[in-house]
Amino acid sequence: MAHGGRSSTHETEASVAGQPRTDRTVGDYSPLLFPAGGILAGIAQVLLLDTPAVEAFLLAFLVIVVGIQGLWAFLGHYFRSDEIAAFIGWPADSPFQKEVAFGNLAFGVLGILCLWFRGGFWIATAIGISVFMLGAAIVHVKDIRETQNRSPGNAGPILWTDILTSLVLLVLLALYFL
């Protein structure tokens, strides 16, 4: 998911000042927290509610990784646009941040709604976010290759979670519906 809220003031100041970043904070790894939460929620559903595993993990990923992380990403891209741009290694003051924010908000709302709507709604939500995340991963890889941008918000955990989350969602979707 696009990079909402993953930089701290310290990180941003170092990036903006042109100082090399050698420190890492929990914020650099927050993209990993949402999938971890999805895994824990899936396990809890299986153990406590006796939900079939594929259904439990698919729902958990849709609600937590797509829904809650989407809302989190919206907050970062909308309210901390320049900080997030610096974290990604991109220029500040671009209206694209607000556009990405609303894309994240849309998927966040869809992910949360998966609690109440099932079937084709799950299919559309999972495919839509997978296209968005894999597209973001392609943009990041292209930026790494062309500009050597290895900022944590471009080449860090977000790149891997964009790819792996999409693959996990699509595999779970196939297992659940086929």
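Leaving aside its neighbours within four places in sequence, which residues is Q97 in contact with? Here are some friendly notes on that and a few other spots.

A word on the basis: this is a predicted model, in which local features need pLDDT of at least 70 and side-chain atom pairs count only at pLDDT 80 or more, while totals for chains, interfaces and linings use all residues. Residues are numbered from 1 along each chain as its sequence is written, and side-chain values use heavy atoms, with hydrogens and water left out.

1. Q97 and its contacts. Q97 sits in helix α5, residues 96–113 (helices are DSSP runs of H or I with at least four residues, numbered from the N terminus). Setting aside neighbours within four places in sequence, Q97 is in contact with H77, S81, I84 and A85, where contact means heavy atoms within 4.5 Å. Q97 is buried, with a relative accessible area of 1% (buried means under 20%, exposed over 50%, and partly exposed in between, using a 1.4 Å probe and protein chains only).

2. How α2 and α3 cross. The axes of helix α2 (residues 30–49) and helix α3 (residues 53–79) come within 8 Å of each other and cross at roughly 145°. Axes here are lines fitted to C-alpha atoms over the stretch in contact, and angles run from 0 to 180 degrees between N-to-C directions. The crossing is right-handed, that is, the near helix is turned clockwise from the far one by less than a right angle.

3. What lines that contact. On the α2 side, the residues include P31, F34, I39 and V46, and α3 contributes F57, I64, I68 and W72 among others. By class, the contact of α2 with α3 has 17 nonpolar, five polar and no charged residues. Ala, Val, Leu, Ile, Met, Phe, Trp, Tyr, Cys and Pro count as nonpolar, Asp, Glu, Lys and Arg as charged, and the others, Gly among them, as polar.

4. Two loop residues to look at. Most residues other than glycine have a negative phi. D50, in the loop between α2 and α3, has a positive phi of about 60° and is exposed at 68% relative accessibility. Q148, in the loop between α6 (120–147) and α7 (152–155), has a positive phi near 65° and is partly exposed, at 48%.
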